[in-house]
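My notes follow, entry by entry.

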Amino acid sequence: MFFKKKPETQSYDKENQKPVIRASICTGEKVAGFQDVRTGTFREVMLIRTPSDLEEFRQLYGIGEREIPTQY
């Protein structure tokens, strides 16, 4: 009744997409998402405001502790 529901792991196409964080040089806004390896198109998933948001993104998609590249 008072227990927090465990978030389910989502999936993404690991062969054709890679996790990326896009950051604005001017405002510093960061968005986590996936970039298509072939076409370079970016699919936004969530806004990153705090380090806990980044951790939530990693847990949601089962991404390990490795560094996610940041694009400006």
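**Entry 1: a proline in a loop**

I looked up P69 and found it in the loop between α1 and β4. Helices (H or I, at least four residues) and strands (E, at least two) are DSSP runs, numbered from the N terminus. I note that this is a predicted model, where local features need pLDDT of at least 70, side-chain atom pairs count only at pLDDT 80 or more, and totals for chains, interfaces and linings use all residues. Residues are numbered from 1 along each chain as its sequence is written, and side-chain values use heavy atoms, with hydrogens and water left out.

Is P69 buried, partly exposed or exposed? P69 is partly exposed, because its relative accessibility is 38%. The classes are buried under 20% relative accessible area, exposed over 50% and partly exposed in between (1.4 Å probe, protein chains only). I then listed what P69 touches, leaving out residues up to four places away in sequence: P19, V20 and I21. Contact here means heavy atoms within 4.5 Å. I also checked P69 against K18, which is 51 residues away along the chain. Their C-alpha atoms are 9.4 Å apart.

**Entry 2: the overall layout**

From the N terminus the order is β-β-β-α-β. The protein has 72 residues, and 31% of them count as buried. Of the contacts with a separation of 6 or more, 33% join residues 24 or more positions apart. The accessible surface is about 5700 Å², with 50% of it on carbon and sulfur atoms. These areas come from the Shrake-Rupley method with a 1.4 Å probe; for residues, only the protein chains shown count as cover.

**Entry 3: the sheet**

In what order do the strands lie in the sheet? The four strands form an open sheet, β3-β2-β1-β4, with mixed pairing. β3 and β4 (70-71) are the edge strands, each pairing on one side only. Two strands pair if DSSP finds at least two bridges between them.

I followed β1 (residues 17-23) next. It pairs with β2 in the antiparallel sense over seven bridges. V20 has G33 of β2 as its bridge partner. Q17 stands opposite D36 in β2. The two strands make a hairpin with six residues between them, and G28 in the turn has a positive phi of about 80 degrees.

β2 also runs antiparallel to β3, joined by six bridges. V31 stands opposite L47 in β3. This pair is a hairpin too, with five residues between the strands. G40 in its turn has a positive phi of about 85 degrees.

Why is β2 called largely enclosed by the rest of the structure? Because five of its seven residues are buried.

**Entry 4: a glutamine in β2**

I picked Q35, which lies in strand β2. Q35 counts as buried because its relative accessibility is 11%. A polar atom of its side chain lies 3.4 Å from the backbone oxygen of G40. Neighbours within four places in sequence aside, Q35 is in contact with N16, Q17, K18, V20, R22, G40, T41, F42 and Q71.

**Entry 5: the nonpolar core**

Which residues make up the largest nonpolar core? I found eleven: Y12, I21, A32, F34, M46, I48, L54, F57, Y61, I63 and I68. Two or more residues each come from β2 (30-36), β3 (42-48) and α1 (51-61). The largest share, three residues, is from α1. Such a core is a set of buried Ala, Val, Leu, Ile, Met, Phe, Trp, Tyr and Cys residues joined through side-chain atoms within 4.5 Å. As a general note, nonpolar side chains tend to be buried together in soluble globular proteins.

I took F57 from this core. Not counting residues up to four places away in sequence, F57 touches P19, A32, G33, F34, V45, M46, I63 and I68.

**Entry 6: the salt bridge**

My rule was a side-chain nitrogen of Lys or Arg within 4 Å of a carboxyl oxygen of Asp or Glu. The count came to one salt bridge. E65 forms it with R58, and the closest N and O atoms are 3.8 Å apart. Are the two partners buried or exposed? E65 is exposed, with a relative accessible area of 62%. R58 is buried, at 11%.

Conventions. Polar contact = N/O pair within 3.5 Å; in protein donor to acceptor, adjacent residues only side chain to side chain.
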